[in-house]
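This briefing covers one predicted model.

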Amino acid sequence: MALEFRGVSKSFDTRDGGSLLAVNDVSFRVEEGEFVSVVGPSGCGKSTILSMTAGLYQPSEGEVLVSNQPVTGPNAHVGFMLQKDLLLPWRSIVHNIEFGLESRGVGRQERRARAMKELAHCHLAGFEDHFPYQLSGGMRQRAALARTLAIDPEIILLDEPFSALDAQTKLLLQNSFAGTIKDAGKTTLLITHDLAEAVLMSDRILVLSERPGTIIAEIKVDLPHRDQPIKRRQMPEVADYATQLFKHLKLEEKAA
Ligand SMILES: Nc1ncnc2c1ncn2[C@@H]1O[C@H](COP(=O)(O)OP(=O)(O)OP(=O)(O)O)[C@@H](O)[C@H]1O
């Protein structure tokens, strides 16, 4: 399923009665099965863009479309995964994965079957009866992905899912996420501060300006192995893409 922003702006009311423009005139399209990352300075509106895609906020101007239909509220087409895994500590892993299915009224047997399938997909077979505190940070993130995949959304939104992990766990997890998402053919939008991560995982990268966020560059990552960031990482071109992003974000000037 494709995702599209058409001339989207979003302002928030402020406490002093004014308004704050967070996102300004953003237009882009993510094709079915495509993986697109959004990078940009802190506070430029990245999370606001994800929230509007998930239907949690409505645009102040413009339209957000999923499969050519305007998004009017939270819906089953879109699955959301955050930096914090938000697993329920009192539920076992399999019960956590079943959670979204329960609220959608899926019957017990089918729930269990879908949860076990996604556990295996996310390399967590054998951990179904563990509780979140018994798992490492990386395993908890995999469980959170399994929970997102279990509801079988057509579009997956990832808000910095790897940022709290150590470098090695991060790379392994990026690799397993990338493979799982490619196999499942999901349309994906990833928000990240990590420029290398954007290059390793994406088909395309959108660069946002400082707030109010607007798209200042769109970079197509013309490299193989989107499903295997560990392989892509060994390609010398990765550094060139990261340098391009660095320049767009004017990071050198800011450091001076
Ligand atoms: N619900 C809200 N009410 C008021 N202001 C908000 C709300 N949500 C976001 N904002 C403001 O909108 C701007 C963009 O926020 P957003 O969280 O989208 O940025 P971001 O790019 O994701 O930031 P970061 O990279 O630091 O996570 C910020 O100035 C923020 O304070």
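A nonpolar core is here a set of buried Ala, Val, Leu, Ile, Met, Phe, Trp, Tyr and Cys residues joined through C-beta atoms within 7 Å. In this predicted model, the largest such core has 61 residues.

**Core**
- The residues with the most contacts inside this core are Ile97, Ala143, Ala146, Leu157 and Leu189.
- Helix H4 (residues 137–150) supplies the largest share of the core, seven residues.
- Both domain 1 (3–77 + 155–255) and domain 2 (88–152) contribute at least three residues each to this core.
- Leaving aside residues up to four places away in sequence, Leu157 touches Leu50, Thr53, Ala54, Val78, Gly79, Phe80, Met81 and Leu189.

**Helix H1**
- Six of the eight residues of helix H1 (residues 46–53) are buried, so the helix is mostly covered.
- The buried residues in H1 are Lys46, Thr48, Ile49, Leu50, Met52 and Thr53.
- Gly55, which follows H1, has a positive phi, near 85 degrees.

**Sheet**
- An open sheet of six strands has the order E6-E7-E8-E3-E9-E10, with mixed pairing.
- Strand E6 (78–81) and strand E10 (215–220) are the edge strands, each pairing on one side only.
- From one strand to the next, the twist averages 15 degrees.
- Five bridges join strand E9 (residues 204–208) to E10 in the antiparallel sense, and Leu208 stands opposite Ile215 in E10.

**Helix H8**
- Helix H8 (residues 237–248) lies across strand E3 (35–39), E9 and E10.
- The angle between H8 and E10 is about 175 degrees.

Definitions and conventions: Residues numbered from 1 in each chain as written. Predicted model: local features only at pLDDT ≥ 70, side-chain atom pairs only at ≥ 80, totals over all residues. Buried ≥ 20, exposed ≤ 12 C-beta atoms within 10 Å, placed from the backbone. Helix = DSSP H or I, 4+ residues; strand = E, 2+ residues; numbered from the N terminus. Pairing = 2+ DSSP bridges. Axes fitted to C-alpha atoms, helices over the stretch in contact; angles between N-to-C directions. Contact = placed C-beta atoms within 7 Å. Domains from an automatic or database assignment.
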